[in-house]
Amino acid sequence: MTRFSIRRLAALTAAALVACAVPTDRSEEYRVVLDSVPELFASDTVQLEARLVGSDGKEVSAARIEFSSGDPAVALVTRDGRMVAAGGGMVQVTARAPALANARAGQISVRVHGAVEIDSIAPAQVRYGEALRVYGVGLNPAGGAAAVRIEGQDAPITGFTPADP
């Protein structure tokens with residue numbers, strides 16, 4: 001090697017060492033924004049949506065986001081964001097950008113209404129505005145069920161008797 005190339009090699013090595021000593025991880029400038037989810041009933045399935053946003057407010061396209069559930073007994077969540085409501089209660093859902101270790105994770109709370117086992121309904125027919133009595137297990141509003149779903153429509157629970165009639 002010539003004297004010139006040794007000096008040049010030494011300068012390049014010094015520059016590389018300085019570059020390695022200065023932190024370049026700026027992942028703390030990013031955050032994951034997780035879209036809200038409506039209240040769910042047991043066995044409902046939704047696809048979670050999230051995006052990675054920089055401190056400048058711009059969305060990072062093609063960022064990989066992974067999802068998780070804080071309580072799989074209430075809701076199962078796959079890494080790719082498929083959420084299946086499993087049982088009654090509240091669950092914390094988290095979305096992270098695994099490529100950016102210091103990016104702030106997104107979190108939401110989701111209420112899941114437990115399954116309702118219907119014993120009987122009375123009267124057999126009702127008109128609009130009339131009350132329908134539903135007897136069964138899992139209707140306790142204090143236990144998380146504040147509504148039931150009848151043929152795809154949510155129906156609020158307006159009264160509750162904690163015993164067999």
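Modeller: One term comes before the rest. Accessible areas are computed with the Shrake-Rupley method and a 1.4 Å probe. The model itself is predicted.

On that basis, the protein chain has an accessible surface of about 11,600 Å². Carbon and sulfur atoms hold 53% of that area. The chain has 165 residues, and 24% of them count as buried. Its secondary structure consists of one helix and 14 strands. Now take the contacts in the chain with a separation of 6 or more. Of these, 44% join residues 24 or more positions apart.

Where does Q47 sit? Q47 lies in strand 3, which covers residues 45-47. Its relative accessible area is 44%. Buried means under 20% and exposed means over 50%. Q47 is therefore partly exposed.

Which residues does Q47 touch, leaving aside those up to four places away in sequence? They are D80, G81 and R82. D80 is 33 residues from Q47 along the chain. The C-alpha atoms of Q47 and D80 are 8.6 Å apart. The side chain of Q47 comes to 2.9 Å from the backbone oxygen of D80. That side chain also reaches the backbone oxygen of G81, at 3.4 Å. A polar contact needs N or O atoms within 3.5 Å.

Strand 9 spans residues 89-96 and runs antiparallel to strand 6, residues 66-69. Four bridges join strands 6 and 9. In this pair, F67 stands opposite A95 of strand 9. Strand 9 also runs antiparallel to strand 10, residues 106-113, with seven bridges between them. There, Q92 faces S109 of strand 10.

I118, I121, V126, L132 and I150 make a nonpolar patch of about 380 Å². One of its members, I121, belongs to strand 11, residues 117-122. How accessible is I121? Its relative accessibility is 43%. A patch residue needs over 30% relative accessible area, and exposed means over 50%.

Key
Residues numbered from 1 in each chain as written. Predicted model: local features only at pLDDT ≥ 70, side-chain atom pairs only at ≥ 80, totals over all residues. Heavy atoms only, no water. Helix = DSSP H or I, 4+ residues; strand = E, 2+ residues; numbered from the N terminus. Buried < 20%, exposed > 50% of the residue type's maximum accessible area, 1.4 Å probe, protein only. Contact = heavy atoms within 4.5 Å. Pairing = 2+ DSSP bridges. Polar contact = N/O pair within 3.5 Å; in protein donor to acceptor, adjacent residues only side chain to side chain. Patch = residues over 30% accessible without salt bridge, like charges linked within 9 Å, V, L, I, M, F, W, Y side chains within 5 Å. Salt bridge = Lys/Arg side-chain N within 4 Å of Asp/Glu carboxyl O.
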